[in-house]
Amino acid sequence: MIYDCAVIGTGPAGLSAALNLKIHEKSFLWIGRRALSDKIARAEQIRNYPGFPDAGGDALAGAFRRHAEAMGLEITEAMVNSILPMGDHYALMAGADFYEARTLILTTGINQAGTLPGEAERVGRGVSYCATCDGGLYRGRTIAVVCNNARFEHEVAYLAGLAAKVYFFPYYKSPGALPGNVETMAAKPVGVEGDVRVSGLKLNSGGTLPVDGLFCLRDSIALNTLLPKLALDGGHIAVDRAMATNLPGCYAAGDCTGRPYQYAKAVGEGNVAAHSVIEYLAKLAKNG
Ligand SMILES: Cc1cc2nc3c(=O)[nH]c(=O)nc-3n(C[C@H](O)[C@H](O)[C@H](O)COP(=O)(O)OP(=O)(O)OC[C@H]3O[C@@H](n4cnc5c(N)ncnc54)[C@H](O)[C@@H]3O)c2cc1C
């Protein structure tokens with residue numbers, strides 16, 4: 001099935017886009033996390049979101065979740081690893097799953113994790129964003145795992161069950177217990193090395209750590225690897241007032257399009273993006 005739209009991201013921008021697509025009875029896939037976005041609940045006190053004077057983040061998160069449930073919105077719990085333009089639609093890879101949609105609304109937030117120098121050009125040549133998809137390629141080999149959230153530790157344990165040795169680089173405090181072949185590193189990688197394929201990681205402590213592969217388990221995927229031909233502007237997705245990107249049928253909303261990083265902007269842009277998608281689909285239907 002080819003959906004009318006795929007909304008990627010379950011923060012305020014994604015929710016707003018999904019609500020409007022639902023009201024307009026479009027077929028769409030909403031991909032992200034059932035817990036929505038960590039950034040909603042983490043706010044101690046919100047003073048600038050209309051209708052919620054002095055609310056804590058959990059109150060707003062609860063209200064967002066209830067609204068999504070009341071509207072019957074379904075979330076596909078997954079991380080989109082890559083998107084391919086297919087001419088008249090887009091193909092999305094999310095772990096081992098594959099989806100197709102005529103249009104896209106990207107609401108992935110800001111990529112706080114960043115990428116390592118040398119990482120983007122070696123995706124598929126030793127760099128992977130998906131333990132389930134690529135873990136089997138590293139059976140008995142030596143790999144490194146960069147991880148920015150404890151919620152991915154079960155994937156590190158899964159990789160440890162396949163690889164002979166795992167060098168683990170957590171970007172958070174107090175990592176949990178992991179299998180014996182996982183070595184938690186104090187140093188941090190500062191670059192990916194190798195002629196064509198990954199052969200090692202350059203470390204900030206000096207020297208190179210030889211590895212056969214690098215898994216990057218992060219909350220978001222860098223935009224230039226998620227959808228390579230997407231035009232950026234200073235690290236954000238370049239959009240016009242209709243939230244249209246440079247790619248046909250591809251729209252973006254929220255923090256990923258630029259500052260200010262705020263709920264109200266994200267919600268407003270999600271709304272505009274959804275209406276632009278509805279207009280675009282109407283034109284497609286008229287012309288085709
Ligand atoms: C501690 C804190 C306090 C804040 N306080 C305020 C405040 O008081 N007022 C205010 O206006 N703003 C505040 N903000 C900012 C606000 O949280 C953000 O502006 C807002 O959440 C942006 O919404 P968004 O939908 O664009 O992105 P996000 O909320 O970042 O959501 C992005 C979503 O996309 C998902 N995602 C990313 N990549 C992928 C992928 N490849 N596949 C699938 N899913 C993906 C993520 O998991 C996440 O669910 C605060 C932020 C923080 C961190």
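1. In this predicted model, the hairpin formed by strand 5 and strand 6 has two residues between the strands, and Gly-95 takes a positive phi there, near 60°.

2. Which other strands pair with strand 6 in the parallel sense? One of them is strand 1 (residues 2-8), which is joined to strand 6 (residues 97-106) over six bridges, with Val-7 having Ile-105 as its bridge partner in strand 6. Another is strand 17 (residues 250-252), which runs parallel to strand 6 and is joined to it by three bridges; here Leu-106 has Ala-252 of strand 17 as its bridge partner.

3. The loop between strand 4 (80-85) and strand 5 (90-94) contains Gly-87. Is Gly-87 buried or exposed? Gly-87 has 6 C-beta neighbours inside 10 Å and therefore counts as exposed, given that a residue with 12 or fewer such neighbours is placed in that class. The C-alpha atom of Gly-87 is separated by 9.5 Å from that of Arg-102, although the two residues are 15 residues apart along the chain.

4. Turning to helix 3 (residues 57-70), its length can be checked against its residue count: at 1.5 Å a residue, its 14 residues should span 20 Å, and this agrees with the 20 Å that separates its end C-alpha atoms. After helix 3 comes Gly-72, which has a positive phi, near 70°.

5. Which residues of helix 3 are buried? They are Leu-60, Ala-61, Phe-64 and Ala-68, and because the buried residues fall within an arc of 100° when seen down the axis of helix 3, they line one face of the helix.

How values were computed:
Residues are numbered from 1 along each chain as its sequence is written. This is a predicted model: local features need pLDDT of at least 70, side-chain atom pairs count only at pLDDT 80 or more; totals for chains, interfaces and linings use all residues. Helices (H or I, at least four residues) and strands (E, at least two) are DSSP runs, numbered from the N terminus. The expected span of a helix is 1.5 Å times one less than its number of residues. A residue is buried if 20 or more other C-beta atoms lie within 10 Å of its own, exposed if 12 or fewer, and partly exposed in between; C-beta atoms are placed from the backbone. The arc is that of the directions from the helix axis to the C-beta atoms. Two strands pair if DSSP finds at least two bridges between them.
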